[in-house]
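Reader: I have a chain open on my screen and would like to go through it slowly. Could you help me read it?
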Amino acid sequence: MTKEENLHANTENSSVPDQEQDPRGHETIFPQEENGTESSDSSSSQNSEVDKLKNELQAMKDQWMRSEAENQNLRNRHKKELEDTRLYTVQKFARDIVETAENLRRGIDSLPKPAENEDPMITKMREGFESTERSFLKILEKNGIKCEDPTGSPFDANKHQAMAEQPSDEHPQGTIIQSWTPTWTLNDRLLKPAMVVVAKSPENT
């Protein structure tokens with residue numbers, strides 16, 4: 001081997017260890033850059049997954065709130081329907097009861113008017129009917145059924161039914177001068193209007 005060939009061989013042998021031992025060479029720098037990119041991609045993927053879960057949780061929460069609102073509306077509607085049904089049943093029964101009360105009053109009114117020398121039997125009968133009526137009305141009032149005599153008050157179409165008009169100089173026009181039946185209410189709601197006679201201006205002669 002010539003001197004030049006030996007020199008060339010020594011040069012190639014010495015260059016290989018230097019490249020492997022150099023920590024700043026391309027072979028060591030590139031792998032480090034690739035590891036950093038993978039870490040950044042992983043962090044971004046985790047953040048995206050968290051955001052997705054948050055959105056799904058919010059969507060489920062909104063759906064639950066809507067469902068709860070619908071259920072509450074349904075419960076309120078059923079409660080009102082039950083109350084209306086119960087009220088209708090009570091109203092029908094109450095109307096029958098007030099018919100009995102009015103018949104009792106008609107029976108009392110049919111008795112002779114109190115007189116000084118009247119038959120004691122008539123007096124006791126009247127007192128017995130009136131006592132029964134007072135007890136009956138107290139029971140009705142205890143259960144929310146009330147009666148009101150509208151005589152002397154202004155006519156109100158929401159509570160009164162005009163059966164006749166009568167000219168009057170003593171009462172303003174539209175005043176109730178006679179009531180054939182009282183106004184009946186159930187828990188402050190109209191149950192049965194009063195049948196009344198209403199005053200009107202005197203006719204010109």
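Reader: What share of the contacts with a separation of 6 or more comes from residues 24 or more positions apart?
Author: Residues 24 or more positions apart account for 64% of the chain's contacts with a separation of 6 or more, where a contact means heavy atoms within 4.5 Å. Please keep in mind that this is a predicted model, in which local features need a pLDDT of at least 70 and side-chain atom pairs count only at pLDDT 80 or more, while totals for chains, interfaces and linings use all residues. Residues are numbered from 1 along each chain as its sequence is written, and side-chain values use heavy atoms, with hydrogens and water left out.
Reader: OK, and what pLDDT does the chain average?
Author: The average is 82, and 79% of the residues score at least 70, pLDDT being the predictor's confidence in each residue, from 0 to 100. Over residues 14–31, however, the pLDDT is below 50, and that stretch has five contacts in the model beyond near neighbours in sequence. Where pLDDT is low, the predicted coordinates should not be read in detail.
Reader: How many helices and strands are there?
Author: The chain has three helices and six strands, which run α-α-α-β-β-β-β-β-β from the N terminus on. Helices (H or I, at least four residues) and strands (E, at least two) are DSSP runs, numbered from the N terminus.
Reader: Switching to strand β2, is His-160 buried or exposed?
Author: His-160, which sits in strand β2 (residues 160–167), counts as buried because its relative accessibility is 7%, and buried means under 20% relative accessible area, exposed over 50%, and partly exposed in between (1.4 Å probe, protein chains only). Leaving aside neighbours within four places in sequence, the contacts of His-160 include Phe-155, Ile-176, Thr-183 and Val-196.
Reader: And what does Met-163 touch?
Author: Not counting residues up to four places away in sequence, Met-163 touches Trp-180, Met-195 and Val-196. Met-163 also lies in strand β2, and with a relative accessible area of 37% Met-163 is partly exposed. The C-alpha atoms of Met-163 and Ser-179, which are 16 residues apart along the chain, are separated by 9.4 Å.
Reader: One last topic: where is Met-121?
Author: Met-121 is in helix α3 (residues 120–142), and Met-121 is exposed because its relative accessible area is 54%.
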